[in-house]
Structure formats: structure tokens, C-alpha cells
Amino acid sequence: FLAALPNHARAAEMRFWLGEFRFRRQAYAEADEALAAFLGASPKHALAPEALYKRGWCARHGGQHEAAGAHFKALFTQWPKHPLAAEAALRAGQAAEARQQQAQALEAYRQAEALAPGSEAAEQAGLARIAILLGQGAAQEALQAASGFTEKSPKSPLLPYAHLYRAEALS
């Protein structure tokens, strides 16, 4: 379709679906290429946030943590109300941690918590933030964060981790 009709009204959208197809086949470099072409042609398209999210995963699968973080960050900063925004912030934090950029990771995790309080992404980000704080020796701040987690999320399946981190902060 794209080769035969490159100027068709739906050519840009077809690039997205080509990227999605390649992504599902785990052909990440090829998927990223198609998604980049889609975003280049239609940066404000309704599918653009999802394309950024997939580009982040393509980069992550390729070990390109800086690019992954940039794609995830672009999603949650440009589309903060999108359903994938909080998870994108979580993934940006993980990409920053993979690059040993703890300050950037902490900020991304705070963003995930703020974008969708109570969501699974926010809870994972909260625990990741506590782990970084413990690793930095900020026991008091980690204790406050862990105590806050247990109060805000008493039914979370991740609650045992918060208790563990709280106990570690107290020791």
C-alpha cells in the first residue's frame, strides 16, 4: 500500500499500523523506523502517543536507554492526560536508572505518581523511588514515602514491598 500509494490520505496512518505489525513480530528496529516515519508525517495524530510509547519499547529492547527515556518522556510531557502517560513516566524512570541517572529516575517516578495516583504504574513508580532513596542513604525520606504508600494503597498487591522497604528504612 505505502509503496503503491505513498501520498494517499491514510498513508501516515498506515505507517503506524506497519510499525505496530512489526512491533508485534518483535522486529523492533523495523518497527521503530515505521513509527518514526509516522510521527514525522503526523506528529499530532491521535495515535502519536501510542507510537511514542512503542518507540520507547523498541529502543529499550535495543538497549538504547537514552532514546527509550526520551520517547517515554515525550509521551507523558506532550500528552499528560493520555492513558499511557503514567506508565510512560514509569518506563522513563527505569530507562534513567539503566543509565545510572538516579535524579532523572526520581523525577520520572514522581511524575508517574502525579499523573495517575493509585494506578499500578504509580504504585510501581512509588516503590522504585523508595528503593532509590534507600540506596542513596536517605532513610528518613524513604521511610516517609513507604509509610505514605501503605496509607494510600492498603489493598495494593505491592504492599508487602512497601512494608519491606519501611522495615529497611527503620533499621
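Helix α5 passes helix α6 in a left-handed crossing. This is a predicted model, and in it the two helices pack at an angle of about 165 degrees, with their axes 8 Å apart. A search of the whole structure also finds seven salt bridges, and the largest nonpolar core has 54 residues.

**How α5 and α6 meet**

- Helix α5 covers residues 85–98, and helix α6 covers residues 102–115.
- Angles over 145 degrees count as roughly antiparallel, and α5 and α6 are therefore roughly antiparallel to each other.
- On the α5 side, the residues making the contact include Ala85, Ala89, Leu90, Gly93 and Glu97.
- On the α6 side, Gln102, Ala105, Ala108, Tyr109 and Leu115 are among them.

- Glu87 and Arg91 join their side chains in a salt bridge, at 3.1 Å from N to O.
- These two residues sit four places apart in α5, so about one helical turn separates them.
- Arg91 is buried, with a relative accessible area of 15%, whereas Glu87 is partly exposed at 24%.

- Glu20 and Lys54 form a salt bridge whose closest N and O atoms are 2.4 Å apart.
- Glu20 belongs to helix α1 (residues 11–24) and Lys54 to helix α3 (residues 48–61), so this pair ties together parts that are 34 residues apart in sequence.
- Both partners are buried: Glu20 has a relative accessible area of 6%, and Lys54 has one of 9%.
- Asp32 and Arg55 meet through their side chains in another salt bridge, at 2.6 Å from N to O.
- Asp32 lies in helix α2 (residues 28–41) and Arg55 in α3, so the pair links parts that are 23 residues apart in sequence.
- Arg55 counts as buried too, at 16% relative accessibility.
- Look as well for a network of salt bridges, which links Glu20, Arg24, Glu50 and Lys54.

**The nonpolar core**

- In soluble globular proteins, nonpolar side chains tend to be buried together.
- Here, the residues with the most contacts inside the largest nonpolar core are Phe38, Phe72, Leu75, Tyr109, Leu127 and Ile130.
- Ile130 is in contact with Ala142, Ala145, Ala146 and Tyr165, leaving aside its neighbours within four places in sequence.

Notes:
Residues numbered from 1 in each chain as written. Predicted model: local features only at pLDDT ≥ 70, side-chain atom pairs only at ≥ 80, totals over all residues. Heavy atoms only, no water. Core = buried A, V, L, I, M, F, W, Y, C linked by side-chain atoms within 4.5 Å. Buried < 20%, exposed > 50% of the residue type's maximum accessible area, 1.4 Å probe, protein only. Contact = heavy atoms within 4.5 Å. Salt bridge = Lys/Arg side-chain N within 4 Å of Asp/Glu carboxyl O. Axes fitted to C-alpha atoms, helices over the stretch in contact; angles between N-to-C directions. Parallel < 35°, antiparallel > 145°, perpendicular 65-115°, else oblique. Left-handed = near helix turned anticlockwise from the far one by under 90°.
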